[in-house]
Amino acid sequence: MNRLRKEIKEGKFHQLYLLYGPEDYLRNQYKNLLRDALLPPDSPGAGMNLHYFREKEATQGALIDLAETMPFFGERRLIILEDTDLFKGGQEELTDYLASPAPTACFMFVEKNVDRRTKLYKVLNAKGLTAEFKTPDEGTLIRWCIKLAADRGLSFGEGALELLFDYAGRDMNRLKNELEKLAAFCLDRERIEASDIRELCVKNPEDTIFKMMDSIAEKD
């Protein structure tokens, strides 16, 4: 992530990017930051030079033809592919093309899971920039939650932050959504209390499922 932050800050870009890993919040955050850095929304022709595909919406040949098309009144044409099956192997035509794409084409792949053994991954890793997004450690998540609350003029009362993690787990999207609800609920106060979390937040369904499985195993 450090290399990616540096490129976004300095404006010196690769043509190929792969953002992947299990942490949805960070992956989506950097996808949007990189997209707006590569193709600012107010730049000439931005709307016509941005192309977004999910799953199997485009063939390899169509993607190559698009990359070979000169950008409209702009520096680059940005092609974003998200949640595809491209990293399961067998994408020889596109993989070979990405080894030397048109100089005005930029590809961004956004995936939860990738197979690093595929030729496509190896080309992107060698020719572009790959960034893996894992769930941060507990200390980082605690600091992040404290900052999110502070940005909204709030702090955590005794035991509140620990209880929030108990309810929401370690998923950053879920933590942020619960904090947004709590901020609205505590609009006239400066502290989030444990009682607020018990009243407003919903238990992580995965935690409930695990407890149910334990109960079944114990014939409870």
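Predicted model: local features only at pLDDT ≥ 70, side-chain atom pairs only at ≥ 80, totals over all residues.
The buried residues of helix H8 pack against H7, E6, H9, E7 and H10, where buried means under 20% relative accessible area, exposed means over 50%, and partly exposed lies in between, with a 1.4 Å probe and protein chains only. Residues are numbered from 1 along each chain as its sequence is written, and side-chain values use heavy atoms, with hydrogens and water left out. The helices (H or I, at least four residues) and the strands (E, at least two) are DSSP runs, numbered from the N terminus, and contact means heavy atoms within 4.5 Å.

To stay with H8 for a moment, this helix is mostly covered, with 7 of its 9 residues buried. Those buried residues are Ala160, Leu161, Leu163, Leu164, Phe165, Tyr167 and Ala168. After H8 comes Gly169, which has a positive phi, near 75°.

Helix H9, residues 172-185, has 14 residues and spans 20 Å from its first C-alpha to its last, close to the 20 Å expected at 1.5 Å a residue, the expected span being 1.5 Å times one less than the number of residues. Its buried residues are Met172, Leu175, Glu178, Leu179, Leu182 and Ala183. Viewed down the axis of H9, these fall within an arc of 140°, so they line one face of the helix; the arc is that of the directions from the helix axis to the C-beta atoms. The partners of the buried residues of H9 are helix H2 (24-38), helix H7 (138-151), strand E6 (155-156), H8 (160-168), strand E7 (191-192) and helix H10 (194-200). The N-terminal end of H9 is capped by Asp171, which has a side-chain oxygen 3.1 Å from the backbone nitrogen of Asn173.

Now to the cores. A nonpolar core is a set of buried Ala, Val, Leu, Ile, Met, Phe, Trp, Tyr and Cys residues joined through side-chain atoms within 4.5 Å. The largest one has 42 residues, and those with the most contacts inside it are Leu4, Met108, Leu164 and Ile197. H8 supplies the largest share of this core, 7 residues. There is also a second, separate core of 24 residues, which includes Leu16, Leu63, Ile79 and Phe109.

What does the side chain of Arg76 make a polar contact with? Arg76 sits in the loop between helix H4 (60-68) and strand E3 (77-82), and this residue is buried, at a relative accessible area of 15%. Its side chain makes a polar contact with the side chain of Glu75, at 3.4 Å, and a polar atom of the Arg76 side chain also lies 2.8 Å from the backbone oxygen of Leu38. A polar contact here is a pair of N or O atoms within 3.5 Å; within protein, one must be able to donate a hydrogen and the other to accept it, and residues adjacent in sequence count only if both atoms are side-chain atoms. Not counting residues up to four places away in sequence, Arg76 touches Phe13, Leu38, Leu39, Asn49, Pro71, Thr104 and Cys106.

Turning to the cysteines, the structure holds 0 disulfides, a disulfide being a pair of cysteine sulfur atoms within 2.5 Å. The sulfur of Cys145 is 11 Å from the closest cysteine sulfur, in Cys201, which is too far for a bond. Cys186 is likewise in no disulfide, the nearest cysteine sulfur, that of Cys201, being 9.3 Å away. Cys145 is buried at 0% relative accessible area, and Cys186 is buried at 2%.

Lastly, some loop residues. Glu55, in the loop between strand E2 (50-54) and H4, has a positive phi of about 55° although it is not a glycine, and at 52% relative accessibility Glu55 counts as exposed. Asp83 lies in the loop between E3 and helix H5 (92-98); it has a positive phi of about 55° and is not a glycine, and it is partly exposed at 27%.
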